[in-house]
Amino acid sequence: MKVKELINAITEGSCDAQLKTVYVTDNAVAAQKPRYAAALEHFGELFGFDREVHIISAPGRTEICGNHTDHNNGKVLAASINLDAIAVVSKNDENIIRVKSMGHRINVVELSDLEPKEERYGDSTALVQGVAAGIKNLGFEVSGFDAFTMNDVMGGSGLSSSAAFEVLIGSVMSYLFNDGKISPVDIAKVAQYSENVFFGKPCGLLDQMASSVGSIVNIDFKSVEEPVIRKIEFDFTKTGYSLCIVDTGGNHSDLTDDYAAVRGEMESVAKALGKNVLREATYEEFFAALPELTKKVNDRAILRAIHFYNENKRVDECVSYLENGDFEGFKKIILESGFSSYMLNQNVYTPKNPTEQKISLALAISEELLKGKGAWRVHGGGFAGTVQAFVPNTMLDEYKSVIEGVFGEGSCYVLIIRPVGGWQVI
């Protein structure tokens, strides 16, 4: 459909079924309609209303368990969420990709130039360029298109707004030029490749995989080339709990070194054991080598390695509890995961600024309110950003009121787990 036709179809309800596939509830669908219409209007104003358009979506993700394990080939439990990035897209015949994101300058990529350049590190245009290069390297078609995007995954929130954007661009290329045949796993790998090689950020694969695959997923990265992905059948809506993310407002802008140090220190332990990543050594090998390791690597690296090994076990335990419908057991493991991240992995605040501890404060408040009732933990990369909490529905209003009194109105998000990953909605 053309832009105005699609606006009318969405407004009049003709696309409700497609929207509900992604956003699950009638209320969520109703909330998306003005957003979709606005995105279409913006596209029309920028690129012309007389264009055949489609709308693609890619979700943010919440990490349920497996904190900082993916980059050392560990295990994770994650889920896609209702917050997402959407793109109104249309082919062009110019061999150029133009992506205008709401509130940002336009990204323009010449498809004749798909080589990474260090001077482009940190530039979102490099992300688009990297995804195009990665998909072309896989042997799929890449061609020119124009896109307008809107992203309601909060930047710096630990919900992976950058991964949602990367997966969105990969999904656009899959649906627009390759009949949707690029697998979610390949799109995730391309997204990580783009962020590592073109954007210059040494991220793992968790964020991109959870966004691209969708639903609740258990991912084992023992083989990064062929990760084992299993969807977990569990309905959180029947537990009597809400999944909340608290945005503490911490600044993510200067934390790349902190994130890199977690990975680097874990890998320093692996290298001292004669391996590349921790997953290549067993826990028994690691623990037996402790006397020698203390002479070769720093203490924090060893603590982070202990976290890695035990966190992998916790992922398996979480999956088992969920599959057996034992939510009480699941909550116990979530609490153990949170304490391990705090004490061993040490990614709750940055040592660069030890007096700013917004995540620590949110965790302490959560414990005061939820102890013996719910569960809470640092969420995502950590150091700044967000806390995850499983809150009894009977306490949700109280929890939100106290949290938002400290961190500001709208800082507590109640999330819905979304059943699909990167997806052509319309």
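Predicted model: local features only at pLDDT ≥ 70, side-chain atom pairs only at ≥ 80, totals over all residues.
**Entry 1: His 68**

I located His 68 in the loop between strand 1 (54–65) and strand 2 (75–91). Is His 68 buried or exposed? Its relative accessible area is 8%, so I recorded His 68 as buried. I then listed contacts, leaving aside neighbours within four places in sequence; among them are Glu 63, Tyr 259, Phe 308, Asn 345 and Gly 380.

**Entry 2: strand 6**

I next turned to strand 6, which covers residues 216–220. How many of its residues are buried? I counted 5 of the 5, so the strand is largely enclosed by the rest of the structure. I recalled that in a regular strand the side chains alternate between the two faces of the sheet. On one side of strand 6 I noted Ile 216, Asn 218 and Asp 220, and on the other Val 217 and Ile 219; all are buried, and both faces are covered.

I also looked up the partners of this strand. Strand 2 pairs with strand 6 in the antiparallel sense over 5 bridges, and Lys 75 has Asp 220 as its bridge partner in strand 6. Strand 7 (residues 228–231) is likewise antiparallel to strand 6, over 4 bridges. There I found Lys 231 of strand 7 opposite Val 217.

**Entry 3: an open sheet and its helices**

In what order do the 4 strands of the open sheet stand? I read the order as 9-10-8-11, with antiparallel pairing. The edge strands, each pairing on one side only, are strand 9 (375–379) and strand 11 (412–415). On average, and ignoring direction, neighbouring strands of this sheet are turned by 25° against each other. Strands of a sheet pair through backbone hydrogen bonds, either parallel or antiparallel. Between strand 9 and strand 10 (residues 386–392) I found 5 bridges, and I saw Val 378 opposite Val 387 of strand 10.

I then examined two helices that lie across strands of this sheet. Helix 12 (residues 327–345) lies across strand 8 (241–247), strand 9 and strand 10, at about 40° to strand 9. Helix 14 (residues 396–407) lies across strand 8, strand 10 and strand 11, at about 0° to strand 8.

**Entry 4: helix 11**

I checked the span of helix 11 (residues 299–323), which has 25 residues. From its first C-alpha to its last I found 37 Å, close to the 36 Å expected at 1.5 Å a residue. What caps its N-terminal end? Asn 298 does: a side-chain oxygen lies 3.1 Å from the backbone nitrogen of Arg 300. After the helix comes Gly 325, with a positive phi near 70°.

**Entry 5: cysteines**

A disulfide is a covalent bond between the sulfur atoms of two cysteines. How many disulfides does the model hold? I found 0. Cys 65 is in none, and the nearest cysteine sulfur, in Cys 318, is 4.0 Å away. I recorded Cys 65 as buried because its relative accessibility is 0%. Cys 244 is also buried, with a relative accessible area of 0%.

Note on methods
Residues numbered from 1 in each chain as written. Heavy atoms only, no water. Pairing = 2+ DSSP bridges. Axes fitted to C-alpha atoms, helices over the stretch in contact; angles between N-to-C directions. Contact = heavy atoms within 4.5 Å. Expected span 1.5 Å × (residues − 1). Polar contact = N/O pair within 3.5 Å; in protein donor to acceptor, adjacent residues only side chain to side chain. Disulfide = S-S within 2.5 Å. Buried < 20%, exposed > 50% of the residue type's maximum accessible area, 1.4 Å probe, protein only.
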